[in-house]
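This briefing sets out selected features of a predicted model. Please keep the sequence and the coordinates in view while reading the points below.

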Amino acid sequence: MQRDLHARGQATMDRVVQDGVQRVCTESNDRPPAELAKRLEADQMKTIAFPQGNLIGDWKNGERIAQDGRGLQWTDKPGAPGGGSCYNCHQLSPKEASFGTIGPSLSRFGAIRGNGPEIQKYVYGKIFNAKAYNLCSQMPRLGYSGTLTEEQIKDLVGLLLDPASPVNQ
Amino acid sequence: MAGPMKMRATVAGGNTDVRVLMTHPMTTGQGGQALYFIQNVTVKHNGRTVIESEISQAVSRNPVFSFRLKGGAKGDTIEVSWLDNKGETNKIEAAVA
Amino acid sequence: MREIQRYRQMVSEDSPAELFEVEGEALWKKPQGPKQASLEKCDLGLGPGVLKGAYAQLPRYFKDADRVMDLETRLLHCMMALQGRSREEATQRVFGNADRPSEMESLSAYIATQSRGMKMAPGLSHPKEKEAYELGRALYFQRTGPWDFACTSCHGEESKRIRMQALPVLLKPEQARPVVASWPAYRISTSAFITLQWRMNDCYRQMRLPEPAFGSDTTVALIHFITVTGKGEPYRGPGNKR
Amino acid sequence: MNRLRRTLLGALAAWLAKPLAALAAWNESAFGAKTPQDALKGIGAANPAPSKEIVIDAPQIAENGAVVPIEITSNIPGTSSIAVVLEKNPFPLAAKFDFGEGALPYVKLNVKMAETADVRVVASAGGRHYAATREIKVTIGGCGG
C-alpha cells in the first residue's frame, strides 16, 4: 500500500500506517484476546476529554450532522465541518427511511434509556472514541480522528437523548 | 455532437419488437443546467412513419424506448430518428432480425 | 424489498450501458499515440486481438509484463506498448462522467460485452496469480486510515446495508458471484459507466485513505481476489448499479 | 465586412434551421402546462373516462427518481395515442405517442419523477379519451461522500 497509494488533498500518506488498535484488530480478525482488548480500551478511554456539565446539544443540528456523510475524504474541503455519517449505519429518526444496518438501530434511544448524566457521558464517549468501549468496533473514532468537534458531538448527544428529538418520538 | 444510438428489432409473435437507445443528456434546466432535451422521436417501418412522439425533459437521461410494430418480417428496415430542442438530430437504421 | 427487486429488474432490461460499447469499439480501432497504432493487436490473454471471452478470463498473469493484470491495467499496458503512449498521458483521465466517458470506460464496455454467457475464470495457476489473490485477501481485512476501515467494515457481515444499499460480503462465493458477473456497469444515479478500477478507487476515497494508483498491484490484487471468489458465474454484464 | 458576413451567415443559418424545426410538432402549451389538468387540456383530452383497459406496468417503488421504468399497453380498440402524465412533476406532461396503422399501442420508457406520485396514462381512441393511474413511490436513497 505504501508503494501503490499516493497522497491526495487532505488524504495524506500517514493514514496508511496502522496504529496499535488497527494492527491488533486486523491481526485478530476483529476478535482480540480479552486481556489485551481491555488494556487497549483503557488506553483509548484516556483520549476522551469529557466536557463539563450538560452534554445535550441542539438535536436539530445533530440531525443535520447525522445525515451528512462528508469529512476527511480527498474530495472534501480540508477544515470544513465534517459529518457523522450516522444514517449510513444506524436507524435514528423514524422520518428517515433511508438508513443503514451496519450498526444497531438507535430509534427511541433516549426514550428507553433516559437522559441522565451517566448516559450522556456514555453517548459522548462512544461517539468520540468507539474503540474505548469495544476495541474492534466498526464505528469510526469520530472525535479522536478529528472528524467532529466537541460542539458537534454534543449536538449528536442531543439527537439521541433530547426528549424533543424525533429519535425519541 | 450527437452521441451514439443503438437499436434492436426482432420478430416476435407476428409483431416486431423495437428497442432503441439514444445518447442525450436530457437536462431539465434546473440546478444551473441548460434545458436540453429530445422533443421528437419518430419510428419508420420500411420508410413509412408508424410512430410519432413528442417527449419532454422528464424522460430519463440516455433515453431507451421499446415499441411494438404490427407484422414485419426479417430484413425489413426500421429507422428511428430524434430531434432535440436545439435542432440537433440523429437517426439509426437497422434490419429486423 | 420485492418491489425494489422488480424495479432493478425493469431498469436492467433497458439499460443504456450498451451505448458505451459503440464508442469503445471506435476507440479499439482508432490509431492513436506516437506510433499511430490501434489497440486491435492488444493481447488480452487469448492472443492478439482476441476479444471473445477475454474478459471472462481476467485478471490473469501476463508474461510480457511479468505481473497479474485486470482488464484496465492490461489496456493501459497495450496503450503504452502498442501505441507508444506514456503512462502519464494514458492515465490522465481514467474516470469520466456522464457527459464524457473515459477511454477506459468505453473500452471496458466494448470488451466485457464480448464475454457474455461465458463463465468467469480468472487465472489462479501461476505463482504470481496466487500471490495476487493472497495480497488481495490480506488487503480486504487491513484496517487503516482515520476511520479504521477495512473492506470488511462494510463488506464483512451478512445482510447489512449502507443507507438503502445492500452490501455483498465479497468473501462469500455466493455473494461475490453476481457482483463479478455484472461489472463493469452503468450507474443509474450518475448516468455514468463505471469500472472495477473506479470502484476500488472510490472505496478507498470513502475509507478516507490516500488515492490508489490506477492499475497498481493493490487495486489489481483486490479485483483479482474478488473475481476469484466469485468465479464460475456466467458473465451477464455490463450491468446496472444504483 | 467580417461582421456583415457573420450577420448574413447567421441569418442564413436561422433561415435554414427554421423549416427543420417546423417539420416536427411539439405541443408547447401542453408541455409547458404546470398542472395535470392544463396538460390534458393542452392535448385536447380533458376529463378522460377511467378505463381498466389501459395496463400500466411499473414497480411500486422506484429506488431512484432519475430512472423510473414504465411499460404501457392499451387494450382499447382503435387506440391512436398514449400520453404519460406525471402528476407531481413541475411540468406534468412527459410524453405523447401517436400510433399509426402499422404500430401497436404499446410503449416502454424511463422517466424522471420528482417525488412519490401518481402516473396517469391517457389513451385516445376514436376521438374519446380514457385514463388509468398508478402510484409510484420514489425513495431517493442518499449516501455519504
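A:Arg108 is placed in the loop between helix H4 (86–89) and helix H5 (109–113) of chain A. Although A:Arg108 is not a glycine, its phi is positive, at about 60°. The residue is partly exposed, because its relative accessible area is 38%. In this predicted model, a second residue other than glycine, C:Asp148, also has a positive phi, near 60°.

**Backbone geometry**

- Most residues other than glycine have a negative phi, and most peptide bonds are trans.
- C:Asp148 lies in the loop between helix H6 (127–141) and helix H7 (151–155) of chain C.
- Is C:Asp148 buried or exposed? With a relative accessible area of 1%, under the 20% limit, C:Asp148 is buried.
- The peptide bond that joins C:Trp183 and C:Pro184 is cis, with omega at about -10°. C:Pro184 belongs to the loop between helix H8 (173–180) and strand E5 (185–187) of chain C.
- Another cis peptide bond runs from C:Gly237 to C:Pro238, and its omega is near -15°. C:Pro238 is found in the loop between H10 and strand E8 (239–241) of chain C.

**Helix H10 of chain C**

- Helix H10 of chain C covers residues 217–229, which makes 13 residues. From its first C-alpha to its last it reaches 18 Å, close to the 18 Å expected at 1.5 Å a residue.
- How many of the 13 residues of H10(C) are buried? The number is 12, and the helix is accordingly mostly covered.
- Among the buried residues of H10(C) are C:Val220, C:Leu222, C:Ile223, C:Phe225, C:Ile226 and C:Val228. The buried set also includes C:Thr218, C:His224, C:Thr227 and C:Thr229.
- C:Thr219 has its place in this helix. It counts as buried because its relative accessible area is 1%.
- Leaving aside residues up to four places away in sequence, C:Thr219 touches C:Gln197, C:Met200, C:Pro212 and C:Ala213.

**Chain contacts**

- Between chain C and chain B, 12 residues of chain C are in contact with 12 residues of chain B. These two chains bury about 1100 Å² between them, with 51% of it on carbon and sulfur atoms.
- C:Asp14, C:Glu18 and C:Leu19 supply 51% of the area that chain C buries against chain B, more than any other three residues.
- Chain A and chain B do not touch, and their nearest C-alpha atoms are 20 Å apart.

**Second largest pocket**

- The volume of the second largest pocket is about 760 Å³.
- Its lining holds 32 residues, and those nearest its centre are C:Glu23, C:Asp99, C:Arg100, C:Pro101 and C:Ser106. By class, the lining divides into 14 nonpolar, 8 polar and 10 charged residues.
- Helix H2 (17–29), helix H4 (87–90) and helix H5 (103–113) of chain C each supply at least two residues of this lining.
- H2(C) gives the most to the lining, with 4 residues.

**Cavities**

- Rolling a probe the size of a water molecule over the atoms shows where empty space is left.
- The count comes to 2 cavities of 30 Å³ or more.
- The largest cavity has a volume of about 70 Å³. Residues that line it include B:Ser60, B:Arg61, C:Asp14, C:Tyr186, D:Val67 and D:Asn110. Its lining comprises 5 nonpolar, 4 polar and 2 charged residues.
- The second largest cavity holds about 40 Å³ of space. It is lined by A:Cys25, A:Thr26, A:Asn29, A:Asp30, C:Phe141, C:Arg143 and C:Thr152. These residues divide by class into 2 nonpolar, 3 polar and 2 charged.

How values were computed
Residues are numbered from 1 along each chain as its sequence is written. Chains are lettered from A and ligands numbered from 1 in the order in which they are written. This is a predicted model: local features need pLDDT of at least 70, side-chain atom pairs count only at pLDDT 80 or more; totals for chains, interfaces and linings use all residues. Side-chain values use heavy atoms; hydrogens and water are left out. Contact means heavy atoms within 4.5 Å. The expected span of a helix is 1.5 Å times one less than its number of residues. Buried means under 20% relative accessible area, exposed over 50%, partly exposed in between (1.4 Å probe, protein chains only). On a 1 Å grid over the protein atoms alone, a cavity is a set of points where a 1.4 Å probe fits but cannot get out, and a pocket is an open set with protein on both sides within 12 Å along at least five of seven lines; lining residues have an atom within 4 Å of a point. Grid points are joined across faces, edges and corners, and a volume is the space filled by probe spheres set on the points. Ala, Val, Leu, Ile, Met, Phe, Trp, Tyr, Cys and Pro count as nonpolar, Asp, Glu, Lys and Arg as charged, and the others, Gly among them, as polar. Buried area is the accessible area (1.4 Å probe) that two parts lose on being put together, summed over both.
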